[in-house]
Amino acid sequence: MNILMTTSEAVPYAKTGGLADVVSALSLALAKQGHDVRLIIPRYYGINKAVLKLKPLKGPMGIPMGGGEEWCEVYTGNLPGGPSKNPIKVYFLDHERFFGRDGIYGVPSEPDFLDNPRRFTFFSRGVFQLCRKIDWYPDILHAHDWPTALVPVFLKYGERRNEFAKTVSILTIHNLGYQGIYGRDNFYATGLGWDTFYSAGFEDWNMMNMLKAGINSADMVNTVSPNYAEETKTSAYGFRLDGILKSRGTDYRGILNGIDADIWNPKKDTFIPAVYSTKDMSGKAKAKELLQKEFGLPPSPDTPIIGFISRLTNQKGVGELFGPAYGSAYMICRDMNLQFVVLGTGDAWCENEIRSLESKLSNFKGKIGYSDKLSHLIEAGSDFFLMPSRYEPCGLSQMYSLVYGTIPIVRNTGGLTDTVENYNQDTGTGTGFMFDDLTPEAIYNTVGWAIWAYYNRRPQIEAMRLKGMKKDFSWDKSAGEYLKLYEEAGKKVRG
Ligand code: ADP
Ligand code: GLC
């Protein structure tokens, strides 16, 4: 199949969260099975053309915007890690006014750029113009989240009448909390008629909702875990789109993400001091030693370390964990014999609170910033990994933790439920510790339970680590499920 991934993020070019990991890893897995997979992504300012040796495609490209046209350049490169014979091509749309600035969706002083609806309308339109320019028409247009949710809309309301008669669209929802809701005055940029504003379901309390229109228009829709697919059909988790998701019936389903075993693998990780496996865990002890050193904690092989790596946003339960006056982290560190390391960026209040906790507690250390190297070290060197998410479409970090022998402590929600099995202290079964309610008390109690087991049920803890490390989260299985989804969508459209 010819598959075009249309995306606002992909590692190693641009990443704010798991979406970037997933798009690239899924592309690699599909290419491995012999499909012609390509990616298209904006050429953000941070993507250095010279360093990446990107080549320009000949001639500028015009993209219809509203009544007029915007011109851009196209650059090409290859996705690292792909087959050397037929490398995975990546197309970069280069447009100075829309993408020639710092930030992917925003910067700290302007977290959501005012022109985001126009930036991503432009990009989604550009997908079709690119195909024309290179004279390559995909069987599958695969869109991800609200920034490319207009790709299925443009296909259904126009392009399918043209060269894209045989193309089908898939929309993957990685996070329902971000829908691309903007003033309806931005709709003109789509160039679609006002009737489509209503028929495609853009209309949302008189605003324009880009994800909603995408969900209505895509031939098939999925999200990134089976449990989250079910949850999103309820008002508690549906972010007001539960009715629409339900109305898609069996065209909407959950496919669990995999993880990239070339990048996240303790047997070949180049970021950690020594590799390790279930047969020889000494490398994990070395990682713990280095982690304590890097974070300025006293060396202590027998003190359990809790790791936390995250975007610092409401989704991740940071209020219940770090909230001033009510967060549980302070009391956890005050009352329990453990060390706590944090890596993250996000909401300013939370970054400040982490700094303040650090000044109050000798066993709590936080680094504000983004670092791949440190994230690997934390995954490898910690004993436990905490994810008290309010909602979690899939979650990658708990899967990384499991295969690194770091026991996850998670809220029982979304993909966390699908990937972690709760500990049973009578039988010793399970791979992690889980709690149902998102409250500071529940976090405190569950961390307390894990620390209790560390000191009092050590053989069970060691056995749990090994069980997690043997889990298979490779992409092959999930890629197979995406292929089935593509085929079903194809049958629906082409008969
Ligand atoms: P989400 O996509 O909702 O942020 P996931 O668990 O799916 O959650 O993916 C998060 C990814 O981002 C993981 O690869 C995690 O290691 C990474 N990550 C988050 N914050 C940081 C950070 N500050 N430094 C390095 N990696 C980070
Ligand atoms: C989103 C979700 C996360 C998921 C990731 C990749 O950012 O918050 O749970 O793992 O996308 O699909």
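Which strand is Leu39 found in? Leu39 sits in strand 2, residues 36-42; helices (H or I, at least four residues) and strands (E, at least two) are DSSP runs, numbered from the N terminus.

Before going further, some ground rules. This is a predicted model, with local features needing pLDDT of at least 70, side-chain atom pairs counting only at pLDDT 80 or more, and totals for chains, interfaces and linings using all residues. Residues are numbered from 1 along each chain as its sequence is written, chains are lettered from A and ligands numbered from 1 in the order in which they are written, and side-chain values use heavy atoms, with hydrogens and water left out.

Leu39 counts as buried because its relative accessibility is 0%. Buried means under 20% relative accessible area, exposed over 50%, partly exposed in between (1.4 Å probe, protein chains only). Leu39 and Ser277 are 238 residues apart in sequence, and their C-alpha atoms are 34 Å apart in space. Tyr252, in strand 13 (residues 252-254), is buried too, at 4% relative accessible area. Its C-alpha atom is separated by 9.9 Å from that of Leu485, 233 residues apart along the chain.

**Ligand 1**

Ligand 1 has 20 residues around it, and Gly18, Arg311, Lys316, Gly369 and Leu396 come nearest. A residue is near a molecule or strand if one of its heavy atoms lies within 4 Å of it. By class, the shell splits into five nonpolar, 10 polar and five charged residues. Here Ala, Val, Leu, Ile, Met, Phe, Trp, Tyr, Cys and Pro count as nonpolar, Asp, Glu, Lys and Arg as charged, and the others, Gly among them, as polar.

Strand 14 (305-312), strand 15 (339-346), helix 14 (397-403) and helix 1 each supply at least two shell residues, and strand 14 gives the most, with three.

**Ligand 2**

Around ligand 2 there are 14 residues, the closest being His174, Asn257, Glu392, Cys394 and Gly395. Its shell divides into six nonpolar, six polar and two charged residues. Helix 1 (residues 18-32) provides the largest share, three residues.

**Polar contacts of both ligands**

A polar contact is a pair of N or O atoms within 3.5 Å; within protein, one must be able to donate a hydrogen and the other to accept it, and residues adjacent in sequence count only if both atoms are side-chain atoms.

| Residue and its atom | Ligand atom | Distance |
|---|---|---|
| Gly18, backbone N or O | ligand 1, oxygen | 2.5 Å |
| Gly369, backbone N or O | ligand 1, nitrogen | 2.8 Å |
| Leu396, backbone N or O | ligand 1, oxygen | 2.9 Å |
| His174, side-chain N or O | ligand 2, oxygen | 2.6 Å |
| Asn257, polar side-chain atom | ligand 2, oxygen | 2.9 Å |
| Glu392, polar side-chain atom | ligand 2, oxygen | 2.5 Å |

As for cover, the protein takes up 94% of the 300 Å² of accessible area that ligand 2 has on its own. Ligand 1 exposes 560 Å² when taken alone, and the protein buries 93% of that. Accessible areas come from the Shrake-Rupley method with a 1.4 Å probe; for residues, only the protein chains shown count as cover.

**The cavity**

There's one cavity of 30 Å³ or more in the structure, and the largest cavity holds about 70 Å³ of space. Of its 13 lining residues, Asp21, Val22, Ala25, Asp260 and Tyr400 are the closest to the centre. On a 1 Å grid over the protein atoms alone, a cavity is a set of points where a 1.4 Å probe fits but cannot get out, and lining residues have an atom within 4 Å of a point. Grid points are joined across faces, edges and corners, and a volume is the space filled by probe spheres set on the points.

Helix 1 makes up the largest share of this lining, with four residues. The lining has nine nonpolar, two polar and two charged residues.

Key. 1 Å grid on protein atoms, 1.4 Å probe; cavity = no way out; pocket = protein on both sides within 12 Å on 5 of 7 lines; lining within 4 Å.
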